Amino acid sequence: MNMLRSCAFICFLLLVVPRIAAAHSEKWVATWAASPEPADADPNQPILSLQNQTVRERVRISVGGSRVRICLTNEYGSSPLLVGSVTAAVPTDPAGVKSGSIQTVTFGGRSSITVPAGAPAISDPVALPAAYGAEISISLYFPKRVTTPTEHALALKRAVVSPQGDHTYDEKIQGGTEASSLVFVSAVLVPAQPSQHLAVAFGDSIVDGDGSTFDGDRNWPSDLIRRLAKTPDNSKLAVVNEGIAGNRLLGNGPIATLGVSALARFDRDALSLPGVTHIVLLEGINDLGFPGAKLGELSLADPADIRSADDLIGAYHQLIARAHVRGIKLIGSTVMPCEGVDIPGYYSDAKEAVRQAVNKWIRDSGAFDGVIDFDAVLRDQEHPSRLLARFASEDHLHPNDAGYQAMADAINLALFQ
């Protein structure tokens, strides 16, 4: 009998241990991401005033897979965050999901999780097949009052906040309130394919997609994803968007939701993403524009905080060095023009001269692993300090849908090989 038990145990080990080892060795790659930002609880915004409610939000991935993992974040929480239930499904609209598609998301086998203040959490693999460019609906139930939300403000996508209760398994959330930001979800992962690459678009509002059509996925990283979908080996390159509206290279925003500086968040939002091989950097215009500028009554930066070309170049050198010690390529993008911007004090001839000097260095220095000349693509050739009218949104700072598409079309895909 003892011999039979020993044989049975050996057989168990031979069958189970290799599976456990394979599960632990499996590699994952980020296929969607959004940079966390702090937010104050706000009773006038239901998504920032959650208590015993469910939030249903959608994300559009790049590369697909047979399974997904959901990454949560309590980055800016001042206390532990209790998430009572999480599900993932195929959306039909902001409030609804396809019948039979709802899958339970677990964390260490449990359907709920408490995320410590400042910490992330990664789910177990979820059996939700997702094709290239597909949308995923993620529903999160918060049993207790959320006092310090972590959001991504410029989600440009409708979410739904439910009435009271756990509605994570509802095929349609009835009577909900729509919101325009995203909370507590920072990334979606899929199993990595052989020779998989991940390009992280990192920067400010021109990465985030300000000026593009709401609920249209028309920022340039999304346009690049659609462009890649038409290539024969599209599964080889994942693309994620880590832009923050109002972000700067060297300084934190005048309000918290504009994020900490690129130098401060680079590791969290770019270098640490699973599978990252390339980063496309587009940042610097707000370092030039903010000093002395006002948005309504808000002073964006002290006029004395003016930045020189050497200041920005020094920041670029730091980001390049930090990428290279990880074996990651950093692709630099030229800073685009903004004369005519509707923010008083944002543009001046002196700031324009610094932008031109910075762009000359980006193009000519050879410091980056590649260069994308977005300035050359979108500027008015007859008035180079302005965006071309057909590519400019109403504020003359951000591109419109056509401008973002032109940016995506101008990228040399060989940069990611």
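View 1. The model is predicted: local features need pLDDT of at least 70, side-chain atom pairs count only at pLDDT 80 or more, and totals for chains, interfaces and linings use all residues. Residues are numbered from 1 along each chain as its sequence is written, and side-chain values use heavy atoms, leaving out hydrogens and water. Strand 2 and strand 11 (residues 150-152) pair in the antiparallel sense over two bridges. Two strands count as paired if DSSP finds at least two bridges between them. Strands (E, at least two residues) and helices (H or I, at least four) are DSSP runs, numbered from the N terminus.

**View 2. An open sheet holds three strands in the order 2-11-14.** The pairing is antiparallel. Strand 2 (37-38) and strand 14 (182-183) stand at the edges. Each has a single partner strand, so one side of each is left without a neighbour in the sheet.

**View 3. The largest pocket holds about 460 Å³ of space.** Of its 31 lining residues, Trp32, Arg60, Asp217, Asn219 and Ser222 are the closest to the centre. A pocket is an open set of points on a 1 Å grid over the protein atoms alone, where a 1.4 Å probe fits, with protein on both sides within 12 Å along at least five of seven lines; lining residues have an atom within 4 Å of a point. The volume is the space filled by probe spheres set on the points, which are joined across faces, edges and corners. Helix 3 gives the most to the lining, with five residues. Strand 1 (28-33), strand 3 (53-60) and strand 17 (237-243) are among the elements that each supply at least two. The lining has 14 nonpolar, 10 polar and seven charged residues. Here Ala, Val, Leu, Ile, Met, Phe, Trp, Tyr, Cys and Pro count as nonpolar, Asp, Glu, Lys and Arg as charged, and the others, Gly among them, as polar.

**View 4. The second largest pocket holds about 310 Å³ of space.** It is lined by 19 residues; Pro120, Ser186, Arg268, Ser272 and Leu273 lie nearest its centre. Strand 4 (69-73), strand 9 (120-122), strand 15 (185-191) and helix 4 (262-271) each supply at least two lining residues. By class, 11 are nonpolar, four polar and four charged.

**View 5. Phe184 has a positive phi, near 65°, in a residue other than glycine.** Phe184 sits in the loop between strand 14 and strand 15.
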